[in-house]
Amino acid sequence: MYEFFSMISNFVSQPLINMGLSTKNIPILFAFILGLVGALAPCQFTGNLGAITVYGNKSIQQNLAWKEVLFFTLGKIVVFSGLGLLVWILGNEFQRSLTLYFPWLRRVVGPMFVVIGLFLLGIIKFNKVISFGRIPERLHKKGNTGAFLMGVSFTLGFCPTMFVLFFITLMPMAMSVSYGAALPGIFAIGTSFPLIIAIFLIWHFELSGTFMKKKGRKIGSIVQKVAGVIMLVLGVLDTITYWGL
């Protein structure tokens, strides 16, 4: 399954890689394009699809989820900038030690998708007394904090491709220019760009909550169930891929 995602990633990202190589003399643009390539990396691919599903579903049923997208992106910026700072302070030894933890952190995403998918489908209904059960609801409905934490958790899901893009390709350049501290944040925005584009398209084609008010709750329920199925399928595929089942 990982090989399948890698094949899709390589096919789609190769033109971006070529574009990135031609912009190495413009570090800010290079960092952004590397982020776009990172968004297509196998370990980020399902995560980005999941984020598009969650916040696209909310945008269609309620209001445009721009604020949640902002906090999701901010979570990514904080993690990438923090990692960049630690690499600058601690050096290569820190990079090598991180490889021991990233695979385990990546494994959390699949089961999280499964739980959110079951929640959207109405199969799991959470009691307010159970604090753990409120996490998916917070991620789906309550917005800012959940979006930020989702951005953080997705960012920590590194794979070899993402490791090479960030630590091997981006960081040496970031450490060689005076404004290098800004490049991990630019990279993070690039990794969030597919989500930003998806929400923009929902806004552009006027498919936000006002559309659902015209069409009625029945369509809104169908949209949520479709989103739930997508999240469930993504979660199962992601779990199979990264748990080696």
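## A tour of the predicted model

Salt bridges come first: the count here is one. This is a predicted model.

**Stop 1: the salt bridge.** Select Lys-58 and Glu-68. Their side chains meet in a salt bridge, at 2.4 Å from N to O. The pair links distant parts of the chain, with the two residues 10 apart. Lys-58 sits in helix H3, while Glu-68 belongs to helix H4 (residues 66-90). Are these two residues buried or exposed? Lys-58 is buried, and Glu-68 is buried too. As background, side chains of opposite charge can pair when their charged atoms come close.

**Stop 2: two helices side by side.** Stay with helix H3 and show residues 42-61. Angles over 145 degrees count as roughly antiparallel, so H3 and H9 are roughly antiparallel to each other. Look at the handedness next: H3 passes H9 in a right-handed crossing.

**Stop 3: the nonpolar patch.** Turn to the surface. Select Trp-66, Phe-193, Ile-197, Phe-200, Leu-201, Trp-203 and Phe-205. These residues form a nonpolar patch, with about 660 Å² of accessible area together. Which helix gives the largest share of the patch? Helix H11 does, with five residues; show residues 183-204 to see this helix.

Stop 4: Zoom in on Phe-200, which lies in helix H11. Its relative accessible area is 35%.

Key:
Residues are numbered from 1 along each chain as its sequence is written. This is a predicted model: local features need pLDDT of at least 70, side-chain atom pairs count only at pLDDT 80 or more; totals for chains, interfaces and linings use all residues. Side-chain values use heavy atoms; hydrogens and water are left out. Patches are made of residues with over 30% relative accessible area and no salt bridge: like charges are joined within 9 Å, nonpolar side chains (Val, Leu, Ile, Met, Phe, Trp, Tyr) within 5 Å. Accessible areas come from the Shrake-Rupley method with a 1.4 Å probe; for residues, only the protein chains shown count as cover. A salt bridge is a side-chain nitrogen of Lys or Arg within 4 Å of a carboxyl oxygen of Asp or Glu. Helices (H or I, at least four residues) and strands (E, at least two) are DSSP runs, numbered from the N terminus. Buried means under 20% relative accessible area, exposed over 50%, partly exposed in between (1.4 Å probe, protein chains only). Axes are lines fitted to C-alpha atoms, for helices over the stretch in contact, and angles run from 0 to 180 degrees between N-to-C directions. Angles under 35 degrees count as roughly parallel, over 145 as roughly antiparallel, 65 to 115 as roughly perpendicular and the rest as oblique. A crossing is left-handed if the near helix is turned anticlockwise from the far one by less than a right angle, and right-handed if clockwise.
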